[in-house]
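I opened the model to look up charged side-chain pairs and backbone angles. My entries follow.

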Amino acid sequence: PHVTMHPQKEQEIILSPREIEVAVLLSKGYINKEVADQLDISLTTAISHRKNIMEKLHARSLADIIVYVVINGLAEVSEL
């Protein structure tokens, strides 16, 4: 099945600012522990954010998160 991901519109911000930070770090190849260290949060919190991101985006893999980050201009492809 083909998954379509639409860019976020102003009125429908899907991810919280913190979830966006987590999504960008995951897209850059950081593992959960590194995300936690970068954002000064616990590993449990980082994993929880990741789970919430997956659910909110209906993502089945990290690749779906990366596509979302790029489509929405949250990070440049060259940064990833």
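**Salt bridges**

E19 lies in helix α1 (residues 17-27) and K56 in helix α3, so the pair ties together parts 37 residues apart in sequence. Helices here are DSSP runs of H or I, at least four residues, numbered from the N terminus. E19 is buried at 5% relative accessible area, and K56 is partly exposed at 36%. I take buried as under 20%, exposed as over 50% and partly exposed as in between, with a 1.4 Å probe and protein chains only.

The model is predicted: local features need pLDDT of at least 70, side-chain atom pairs count only at pLDDT 80 or more, and totals for chains, interfaces and linings use all residues. Residues are numbered from 1 along each chain as its sequence is written, and side-chain values use heavy atoms, with hydrogens and water left out.

I count 5 salt bridges by this rule. Among them, D37 pairs with K33 at 2.9 Å, N to O; both lie in helix α2, 4 residues apart, about one turn. K33 is partly exposed at 44%. I also noted E55 with K51, closest N and O atoms 3.7 Å apart. These two are 4 residues apart in helix α3, about one helical turn.

**Positive phi**

Most residues other than glycine have a negative phi. I found D40 with phi near 55°, in the loop between α2 (32-39) and α3 (43-57). D40 is exposed at 71%. H58 also has phi near 55°. H58 sits in the loop between α3 and α4 (62-71) and is exposed at 64%.

How values were computed. A salt bridge is a side-chain nitrogen of Lys or Arg within 4 Å of a carboxyl oxygen of Asp or Glu.
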